[in-house]
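Please look at the sequence and the model on the screen while I describe them.

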Amino acid sequence: MEPGPVVLRVFLFLILLVAFSATLGTLAAMAGLITRSNQFTSGLFYSEATKAIGTLLAAWVMSRLEGRKLGEYGLPWNAGQGKLFFQGAAFGIVEICGVVGVLGATGYYSFGSLELHGAGLMKWAIFWAALFVMVGFFEEYAFRGYAQFALTKGFGFWPAAIVTSVIFGVVHIANPGESWPGILGVLVVGIFWCFTLRRTGTLWFALGMHAAFDFGETFLFSVPDSGVVFPGHLSSAVIHDGPAWFVGGTAGPEGSVLDFAILGILFYVVHRVYPAKPELTASGAAMGVVPDREFAVSVETPAAGGENQRTSSEA
């Protein structure tokens with residue numbers, strides 16, 4: 001597909017996303033669901049819900065215009081996708097545990113005392129889990145769903161991945177307490193999630209990892225998430241003063257050099273666990289070429305136990 005029409009389609013998608021999200025957000029505010037007093041609790045939930053629904057509606061309109069299935073934009077509903085989601089969630093927990101674990105071992109993080117107990121603990125755990133699944137859906141589907149799919153058609157997978165990841169980093173600049181190392185961390189993890197999309201053929205892995213990392217950062221370890229410490233966290237945790245490059249500064253653990261190191265390890269693990277498909281030639285891989293209807297080549301590949309599994313973006 002020619003680059004010009006591709007760019008126009010991405011702009012149309014973004015216009016629809018903003019229009020749908022803004023309309024739904026305004027309606028939610030008029031209904032009293034989003035207010036200044038609840039902007040970090042229930043209001044945040046409804047705000048993220050309007051963005052998630054707006055993104056889904058925008059992608060649905062584009063699927064109707066292009067005559068495609070909605071699942072072709074990275075989130076198919078066929079069998080096996082739930083497994084990828086939970087595998088990604090495991091990676092997200094490992095990532096945040098690795099960063100905070102090293103900070104704790106070196107004396108820069110203290111878990112503190114529990115602030116939640118019983119029903120309150122369960123309520124907040126469910127709240128943050130549900131919220132971050134929505135956040136993960138919105139951000140993954142907005143940046144690495146339709147936009148990544150369309151730009152791949154005109155420019156190739158990796159040029160598209162760089163563009164969407166840079167924009168992903170830039171939009172986080174407005175977050176309170178965000179820092180340039182934190183923004184760079186967002187950009188790098190965006191590239192990583194594009195890599196998982198490339199290797200798995202879907203966004204389910206990235207969605208699970210995204211949601212789990214944010215859940216671990218905000219709730220389990222009670223530290224800043226993109227510069228914000230939210231209410232309803234598990235403990236009175238403290239990140240002690242130290243070199244910003246090591247402890248993450250105002251951005252939190254995601255701005256730490258430790259997160260970059262762990263992401264480097266995870267790149268290698270994903271490379272080993274989800275090997276490149278054999279049908280993709282070396283020249284095609286170098287150019288970022290993917291088949292017309294999929295992010296990754298859909299082929300039979302050996303799975304653990306000698307069985308075959310199919311990786312596809314068809315819904």
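This is a predicted model: local features need pLDDT of at least 70, side-chain atom pairs count only at pLDDT 80 or more; totals for chains, interfaces and linings use all residues.

The protein chain contains 10 helices and 4 strands. In sequence order, the elements follow the pattern α-α-α-β-α-α-α-α-β-α-α-α-β-β. There are 315 residues in the protein chain, and 50% of them count as buried. The accessible surface comes to about 14200 Å², and carbon and sulfur atoms hold 71% of that area. As for contacts with a separation of 6 or more, 76% of them involve residues 24 or more positions apart.

Let us turn to helix 1. This helix has 28 residues and spans 40 Å from its first C-alpha to its last, close to the 40 Å expected at 1.5 Å a residue. After helix 1 comes Gly-32, with a positive phi near 80°.

Which residues of helix 1 are buried? They are Val-6, Val-10, Phe-13, Leu-16, Leu-17, Ser-21, Gly-25 and Ala-28.

Helix 2 covers residues 42–66, which is 25 residues, and it reaches 36 Å from first to last C-alpha, close to the 36 Å expected at 1.5 Å a residue. Following helix 2 is Gly-67, and its phi is positive as well, near 65°.

Why does Val-6 count as buried? Its relative accessibility is 1%, and buried means under 20%. Leaving aside neighbours within four places in sequence, Val-6 is in contact with Met-1, Ala-150, Leu-151, Lys-153, Gly-154 and Phe-155. One of these, Ala-150, is 144 residues from Val-6 in sequence, yet their C-alpha atoms are 6.0 Å apart in space.

The next topic is empty space. Rolling a probe the size of a water molecule over the atoms shows where empty space is left.

How many cavities of 30 Å³ or more does the count give? The count comes to 1. The largest cavity has a volume of about 50 Å³. Its lining consists of Met-1, Val-6, Arg-9, Glu-66, Arg-68, Tyr-146, Phe-149, Ala-150 and Lys-153. Helix 1 (3–30) and helix 4 (118–155) are the elements that give two or more residues to this lining. Helix 4 has the largest share, with 4 residues. By type, the lining of the largest cavity divides into 5 nonpolar, no polar and 4 charged residues.

Finally, we come to the largest pocket, which holds about 1200 Å³ of space. It is lined by 49 residues, and the closest to its centre are Lys-51, Phe-138, Glu-139, His-172 and Asn-175. Which helix gives the most to the lining of the largest pocket? That is helix 4, with 9 residues.

Thank you for your attention.

Note on methods: Residues are numbered from 1 along each chain as its sequence is written. Side-chain values use heavy atoms; hydrogens and water are left out. The expected span of a helix is 1.5 Å times one less than its number of residues. Buried means under 20% relative accessible area, exposed over 50%, partly exposed in between (1.4 Å probe, protein chains only). Contact means heavy atoms within 4.5 Å. Accessible areas come from the Shrake-Rupley method with a 1.4 Å probe; for residues, only the protein chains shown count as cover. On a 1 Å grid over the protein atoms alone, a cavity is a set of points where a 1.4 Å probe fits but cannot get out, and a pocket is an open set with protein on both sides within 12 Å along at least five of seven lines; lining residues have an atom within 4 Å of a point. Grid points are joined across faces, edges and corners, and a volume is the space filled by probe spheres set on the points. Ala, Val, Leu, Ile, Met, Phe, Trp, Tyr, Cys and Pro count as nonpolar, Asp, Glu, Lys and Arg as charged, and the others, Gly among them, as polar.
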